[in-house]
Amino acid sequence: MKRKSLALLMAAITVFSAVGCGSKDAAADTTTAEPAAEETTEASDDAAAADTASDADGFYAGKTVEMIVPWAAGGGADTACRLICSYMEKELGCTIVINNVTGGGGSIGLAQLTTANPDGLTYAYFANTDSNGDIMLEGVPYTAEDFAPVCKFAADPHIILASNASGITDMDGLIAAGQDGTTLWGIGGAWTHWDFLKLEFEEATGTKYKRLVYDGGASVITDIMNGDCTIGTPFVSEALSAIDAGEAVPIAITSAERNDACPDIPTVAELTGKDFESTMWRGFVAPAGTDEAAMREFAEAVGTVCENPEFQDAATKAGVTVDYTDYDAFQDFYWENHESVKAYYEANANM
C-alpha cells in the first residue's frame, strides 16, 4: 500500500469533512441506512412502530447518528453495517446516516472519528486490526486510546476464491499454485484481517503467495472476476454474487464449520486436515470521552437487534455471521485483541 504522510492524511480528512459525496476511492458517501428487509405484513409494521415508541424517551429518540464506515460502499464492512443500522434505527427511534470515508487502509475514516464531538451521536465501524493502525501504517494520527470500545456484533469468515482464468478449481490446485511465491493473492486493505488470514493460511499449508494490496474488498472481487488477480479472500457477503454468477471459483471457507449462507462450500479444515479457523470480528467504537450511558444504550440496542429472529435471518442471507459481545465484555476483549494483533504484526512485519 502506498503509505501516506501525516500531513496528507489530515488534509484528506479535511476534504472528506467538506464534501458529501464523490468518487469510490477518495470521498465520503453519506447515505441513510436502507432497510435490510421489507416488512410484509401490517402486524410487522405495527410492531416496528411500537418498538420505536417504546424507546421514545431514550437518549437517541428523534436524533440523527452518524456512522462512519471507513471502507467503500458495497464491500463487506458496508454491507454488514448498513444491515444492522437499519434495524438499530427502529430500536433506538433515531436516524442513522452511513458515512463512507475511504482511503488509507481505513485510517482516514477512523481519524475523522477521533476528531468528532464525543456527544454520543458519532460512531464508527471497527474490526480486528484497527486499533493498531499507528504501528501498521505510516502517518496515522491516533492510537488505541483514542477510541471508546462499544460492542461487537459479528464475526465473519472469508471465502477463498480463485479466478476462472487461473485454472485453480480445488484446494490441491491452490496449494500447488503457492509453491513459488508468484501467484497473486489479493488483500482488501493493508494489514487488515485479510493480511493475517493470508499469513495463517501460508503457515498452515507451507505455501507462499505474492501479496497484492487493494483499498477494499469490492476491488479485489472485480479483479478476481476479470482475471487480473488470481486468489482473493472476500467475506461471504462480498463473494456470493460472484459465485452465483459463475464468475469466480469458491475453494473453501475459513470458519470452523460450514456457513448457512453457502453450505456447499467446504471449510479449510475439512480440505487440509488442519485445525484451521480464521474470522474477522465487526463492532462499533466511539470517540474517546463519549458518555458511557449513551454508549451502553447503543450497545444494548445492538444486543436486542442481534437477538431479533428477523435480523438473524436477514444477516444469514446477507452472509453476515451474528456474534454479539456486550459493552462490559467488549472492554476487555478490545484490549486483549489489540495486544494479540500487535504481537502477531510485529512478528510478521518484515514479510
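Tutor: Ala, Val, Leu, Ile, Met, Phe, Trp, Tyr, Cys and Pro count as nonpolar, Asp, Glu, Lys and Arg as charged, and the others, Gly among them, as polar. This is a predicted model, where local features need pLDDT of at least 70 and side-chain atom pairs pLDDT 80 or more, while totals for chains, interfaces and linings use all residues. Residues are numbered from 1 along each chain, and side-chain values use heavy atoms, without hydrogens or water.

Two or more lining residues come from each of helix H4 (107–114) and helix H5 (133–136) (DSSP runs of at least four residues; strands need at least two). By class, six of the lining residues are nonpolar, six are polar and one is charged.

Among the residues in contact with Thr192, beyond its neighbours within four places in sequence, are Thr129, Trp71 and Ile187 (heavy atoms within 4.5 Å). Thr192 belongs to the loop that joins strand E7 (184–187) to helix H7 (193–205). Thr192 counts as buried because its relative accessibility is 6% (buried is under 20%).

Trp71 leads us to the largest cavity, where Trp71 is one of the residues nearest the centre. The space there is about 210 Å³, and H3 (76–92) gives the most to its lining, with three residues.

Terms used: Buried means under 20% relative accessible area, exposed over 50%, partly exposed in between (1.4 Å probe, protein chains only). On a 1 Å grid over the protein atoms alone, a cavity is a set of points where a 1.4 Å probe fits but cannot get out, and a pocket is an open set with protein on both sides within 12 Å along at least five of seven lines; lining residues have an atom within 4 Å of a point. Grid points are joined across faces, edges and corners, and a volume is the space filled by probe spheres set on the points.
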